[in-house]
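Let's take a friendly look at a protein together. Keep the sequence and the 3D view at hand as you read.

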Amino acid sequence: MTQGEEEAHPTEPRDPVPLFIPLLLIFASVTSILSTDLYTPSLPHLVDIFDSDAMTVQLTMTLNLAGFAIAQLFYGPLSERVGRRPVILCAMVAFGLASLACALAFSIESLIIARTFQGLTACAEAVIGYAVVRELYGETGAVKVLAAYGMAIAVAPAVGPVIGGQMHVWFGWRSNFFLMTGLIVVACYFLWRHLPETLARPDPRAIDPRRMMSGYLSLLRNPRYMAYCGLTAITFSGLFAFITAAPFLYITTLQVPTERYGYYYAGIIVAYFLGSLLVNRLAGRFSIDAMVFWGLVFCALGGLSLWILIAGQQQTPTTVTVAVSLYAFGLGLVLATAPIRAFDVGGAGYGFAAALLGALEMGGGSLGALAVGLMHDGSARPIAWVLAASAIGALLLYAVVRPWRQALPSNPG
């Protein structure tokens with residue numbers, strides 16, 4: 001790195017970091033993640049409730065992810081200009097209002113609009129959380145924190161559909177969004193009381209259009225940064241393809257009761273949790289790029305296993321869950337490692353790097369959700385197509401660009 005990059009990207013923590021700071025970020029992340037997972041058991045039922053069809057209902061997921069992706073490109077530079085704390089607080093308040101609008105939706109069109117606004121506001125934490133962690137910790141420390149971060153927030157999508165299924169059965173689909181609104185209020189309160197400002201030097205030109213264009217273009221022209229971002233974006237497409245299509249596959253096609261769907265989904269999240277846990281244990285002992293590679297290998301094994309099950313007409317709730325769990329395990333490895341390497345090779349402010357990374361991740365997720373919606377046929381084939389294509393595509397990208405050739409030396413910080 002150049003001297004300027006070293007100053008912009010500190011590799012050592014400035015001071016000992018209180019435990020409650022990552023805990024606050026985790027809690028904010030949980031509320032954001034629940035906006036995707038809590039209501040998924042209700043998705044197949046919304047077809048009849050709103051007299052709609054599966055593809056239209058799935059737009060509540062696709063456009064939410066698209067909004068989540070696009071808005072990050074603004075939140076990153078804005079947080080470089082005014083600070084991390086005010087941006088996340090204002091966005092969380094708007095997120096709560098959007099969730100309340102979802103609960104009060106009177107048609108599928110109004111729910112789609114509210115869900116899009118929800119995505120536009122929920123993504124601030126994703127950008128700022130990454131930036132705060134990277135500003136406080138050195139490379140190895142950041143890997144460990146993000147691995148623990150991944151393990152903790154994996155609990156939300158694991159228990160979210162379980163809670164959401166029960167809430168739907170007992171109180172109706174709207175209750176999930178009312179619950180989410182309440183959790184956001186709690187998150188806002190604790191962030192307001194305890195979240196410190198971590199941006200050392202605000203950039204007064206960060207939201208200048210030319211400065212934003214320059215910052216993003218410098219990252220887009222960096223093949224190593226884009227390679228690591230591409231890995232997360234492509235593998236994310238498989239994850240959200242599954243999240244979008246799984247309720248219809250399990251509940252409608254495989255006849256899993258709504259209140260039990262969450263238990264199968266939880267098994268997959270446990271696999272993701274274990275992948276993140278493994279990274280936490282191996283950080284500092286094995287290179288980050290080695291863990292990225294093996295994560296991609298497990299993703300490919302999961303996608304190909306699902307195809308083998310379909311070819312052998314063995315798709316059952318259990319077999320599908322096992323195959324997708326292999327993919328999720330590999331994803332846990334990738335998402336705890338590739339972002340750190342992307343930050344280290346980016347050469348721009350962490351706000352910009354985190355914003356573009358998050359936008360590409362969720363953009364990949366929205367494309368995966370759109371793909372399974374367009375291919376929807378009630379079977380596991382659309383999920384298998386996207387999982388296999390994303391895993392193999394990510395491996396090919398990694399092999400062709402080979403970003404590890406000039407990777408930065410690991411810092412024990």
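Which residue forms a salt bridge with Asp 208? The partner is Arg 210, and the closest N and O atoms of the pair are 3.8 Å apart. Bear in mind that this is a predicted model.

## Charged pairs

Side chains of opposite charge can pair when their charged atoms come close. The count here comes to 3 salt bridges.

Now find Arg 84 and Glu 80, whose side chains meet in a salt bridge at 3.4 Å, N to O. Arg 84 counts as buried at 1% relative accessibility, and Glu 80 is buried too, at 8%.

## A link between two helices

The side chains of Arg 341 and Asp 289 also meet in a salt bridge, at 3.4 Å from N to O. Arg 341 lies in helix α15 and Asp 289 in helix α13, so this pair ties together parts that are 52 residues apart in sequence. Arg 341 is buried, with a relative accessible area of 3%, and Asp 289 is buried at 9%.

Helix α15 spans residues 338–346 and is mostly covered: 9 of its 9 residues are buried. Among them are Pro 339, Ile 340 and Phe 343.

## A nonpolar patch

Next, turn to the surface. Met 55, Leu 367, Leu 370, Leu 374, Met 375 and Trp 385 form a nonpolar patch there, with about 610 Å² of accessible area together. Helix α16 (residues 350–374) gives the largest share, 3 residues.

Met 375 sits in the loop between α16 and α17. This residue is partly exposed, with a relative accessible area of 34%.

Methods
Residues numbered from 1 in each chain as written. Predicted model: local features only at pLDDT ≥ 70, side-chain atom pairs only at ≥ 80, totals over all residues. Heavy atoms only, no water. Buried < 20%, exposed > 50% of the residue type's maximum accessible area, 1.4 Å probe, protein only. Helix = DSSP H or I, 4+ residues; strand = E, 2+ residues; numbered from the N terminus. Patch = residues over 30% accessible without salt bridge, like charges linked within 9 Å, V, L, I, M, F, W, Y side chains within 5 Å. Areas by Shrake-Rupley, 256 points an atom, 1.4 Å probe, with all protein chains shown as cover. Salt bridge = Lys/Arg side-chain N within 4 Å of Asp/Glu carboxyl O.
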